[in-house]
Amino acid sequence: MTFADQASFARALASVFHGAAPGSWVSLIGSLGAGTADEYSDIDLAWVVPDGAVPRCAEWLGEVLGAVAEVAAVRSVPEFQRSGLRRLVFVRFRGVPLFWRLDLQIWAASHAFDDTVDADNPEARGDNWSLLESAAMNALAACKAVLRGLPDTADSLLSRGFERIDETDRGGDRSRRIAALADAAASRDPQLRELAGGIRTLVPDLP
């Protein structure tokens, strides 16, 4: 299945949520929702589900979204990994541009969009989080920043990425640093080789 742009991909993603959790609803948020998206924007959705359904919906997410596009990775933010009221999940796909990551907020209906929920609850926290993948995603975000004409933002993202995995930043131009960060993460986690390869394909087109 091919998609003309992020909006059409977002609609396809949203369409599968309703069947996965009857009584749920989906909202387009972020830059797409605000009408300020550009060609590099990711996709931000909020999925409001019946109370008690948050853990089940998060567990089934890869299977649900696989009906739209092949899922490459699903990562749940540690702060809410065990929360029964909210989750924040990042999903990468194959077969669509790398920039089209899904940033999905899952909310229990009774606490929808309440940012204070479980914010300070240690019982909601988890520890399943890859710093190596986060560093690789910093490299991708740096690509996006360069393409948007934000070199200082790109430099900051790269510096944080190298620091995150305790890797030496050997400098050079931004394209070289982006490739080096992605490769460093992939060298320590073979599961990231595909992601690193995709980032490398973007590097020659950077200004």
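Because the model is predicted, local features were considered at a pLDDT of at least 70 and side-chain atom pairs at pLDDT 80 or more, whereas totals for chains, interfaces and linings use all residues. Residues are numbered from 1 along each chain as its sequence is written, and side-chain values rest on heavy atoms, with hydrogens and water left out.

Helix α6 comprises residues 151-164, where helices (H or I, at least four residues) and strands (E, at least two) are DSSP runs numbered from the N terminus. The expected span of a helix is 1.5 Å times one less than its number of residues, so the 14 residues of α6 should span 20 Å, and this agrees with the 20 Å that separates its end C-alpha atoms. Within α6, the residues A154, L157, L158, G161 and F162 are buried, a term that means under 20% relative accessible area, while exposed means over 50% and partly exposed lies in between (1.4 Å probe, protein chains only). The buried residues of α6 pack against α5 (131-147) and α7, and just after α6, D166 takes a positive phi of about 55 degrees.

Helix α7 spans residues 174-188 and contains S187, which is exposed, with a relative accessible area of 59%. The side chain of S187 reaches the backbone oxygen of A184 at 2.8 Å. S187 and L132 are 55 residues apart in sequence, and their C-alpha atoms are 9.7 Å apart in space.

A pair of aromatic rings is described by the distance of the centres and the angle of the planes. Rings of Phe, Tyr and Trp (its six-membered ring) pair if their centres lie within 6.5 Å, and planes under 30 degrees apart count as stacked, over 60 as edge-to-face and the rest as tilted. A search of the whole structure finds eight aromatic pairs. One of them joins Y40 and F99 in an edge-to-face arrangement, with 5.6 Å centre to centre and 80 degrees between the planes. Y40 lies in the loop between α2 (30-34) and β2 (43-49) and F99 in the loop between β4 (86-93) and β5 (102-108), so this pair ties together parts that are 59 residues apart in sequence. Both Y40 and F99 are buried. The rings of W107 and F113 form a tilted pair, because their centres are 5.9 Å apart and their planes stand at 35 degrees; W107 is buried at a relative accessible area of 1%, whereas F113 is partly exposed at 37%. Ring pairs also link F3, F9, F93 and W100 into a cluster.

In helix α2, L32 counts as buried at 17% relative accessibility. Leaving aside its neighbours within four places in sequence, L32 is in contact (heavy atoms within 4.5 Å) with Q6, A7, A10, A37, D42 and I43.

With regard to cysteines, C57 counts as buried at 2% relative accessibility, and C143 is buried with a relative accessible area of 0%. A search of the whole structure finds zero disulfides, a disulfide being a pair of cysteine sulfur atoms within 2.5 Å.

Conventions
A polar contact is a pair of N or O atoms within 3.5 Å; within protein, one must be able to donate a hydrogen and the other to accept it, and residues adjacent in sequence count only if both atoms are side-chain atoms.
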